[in-house]
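Here are my notes on the model, as numbered points.

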Amino acid sequence: MAVDFEIFRQLLLQKKIDLQRLSEVNKEARNPVELDQTSVGRLSRMDAIQVQAMALAHQRQRETEIIAIDGALRRIEGGNYGICIKCGEEIAEARLRITPTATTCIDCAK
């Protein structure tokens with residue numbers, strides 16, 4: 001496989017930066033919901049709690065993705081990026097372009 005790993009490294013680094021920025025932008029939405037009953041009604045508080053729960057879920061998803069990106073970057077540095085962790089075969093470049101954090105070939109992913 002004649003894959004230019006630098007392209008994937010740059011792609012992964014940019015994705016990580018984007019996720020970190022998004023995390024910072026949405027930081028306020030993850031703050032605890034104020035339960036001041038004099039300032040907002042019950043439905044408004046329920047909406048705020050739901051928005052907070054969604055923001056927390058998205059944050060967990062971003063953190064999981066950043067962990068996967070860091071793993072892919074370590075594999076690039078270690079020289080084993082693009083190698084399936086299950087069978088040891090090369091992961092198709094097309095799969096890496098779609099999912100640059102992939103750790104398995106398409107056959108082992110099934």
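1. The accessible surface of the chain comes to about 7700 Å², and carbon and sulfur atoms hold 54% of that area. The model is a predicted one, and these areas are computed from it. Of the 110 residues in the chain, 25% count as buried.

2. The chain has four helices and zero strands. Read from the N terminus, the order of elements is α-α-α-α. Among the contacts with a separation of 6 or more, 52% are between residues 24 or more positions apart.

3. The largest nonpolar core has 15 residues. The members that touch the most other members are Phe-8, Leu-12, Ile-69, Ile-76, Tyr-81, Ile-91 and Leu-96. H1 and H2 are the elements that give two or more residues to this core. H2 provides the largest share, with five residues. As background, nonpolar side chains in soluble globular proteins tend to be buried together.

4. Two aromatic pairs are present in the structure. One is formed by Phe-5 and Tyr-81, with 5.6 Å from centre to centre and 90° between the planes, an edge-to-face arrangement. The pair links distant parts of the chain: Phe-5 lies in helix H1 (residues 5-25), Tyr-81 in the loop between helix H2 (42-78) and helix H3 (93-98), and the two are 76 residues apart.

5. How do the two partners of that pair differ in burial? Phe-5 has 31% relative accessibility, so this residue counts as partly exposed. Tyr-81 has 2%, and because the cut-off for buried is under 20%, Tyr-81 counts as buried.

6. The other pair is Phe-8 with Tyr-81. Their ring centres are 5.7 Å apart and the planes meet at 45°, so this pair is classed as tilted. Here too distant parts of the chain are linked, with Phe-8 in helix H1 and Tyr-81 in the loop between H2 and H3, 73 residues apart. Phe-8 and Tyr-81 are both buried.

7. Taken together, the ring pairs join Phe-5, Phe-8 and Tyr-81 into a cluster.

8. What does Tyr-81 touch, leaving out residues up to four places away in sequence? The list is Phe-5, Phe-8, Leu-12, Ala-72, Arg-75, Ile-76, Leu-96 and Pro-100. Phe-8, Leu-12, Ile-76 and Leu-96 are, like Tyr-81, among the core residues that touch the most other members.

Note on methods. Residues are numbered from 1 along each chain as its sequence is written. This is a predicted model: local features need pLDDT of at least 70, side-chain atom pairs count only at pLDDT 80 or more; totals for chains, interfaces and linings use all residues. Side-chain values use heavy atoms; hydrogens and water are left out. Rings of Phe, Tyr and Trp (its six-membered ring) pair if their centres lie within 6.5 Å; planes under 30 degrees apart count as stacked, over 60 as edge-to-face and the rest as tilted. Buried means under 20% relative accessible area, exposed over 50%, partly exposed in between (1.4 Å probe, protein chains only). Contact means heavy atoms within 4.5 Å. Accessible areas come from the Shrake-Rupley method with a 1.4 Å probe; for residues, only the protein chains shown count as cover. A nonpolar core is a set of buried Ala, Val, Leu, Ile, Met, Phe, Trp, Tyr and Cys residues joined through side-chain atoms within 4.5 Å.
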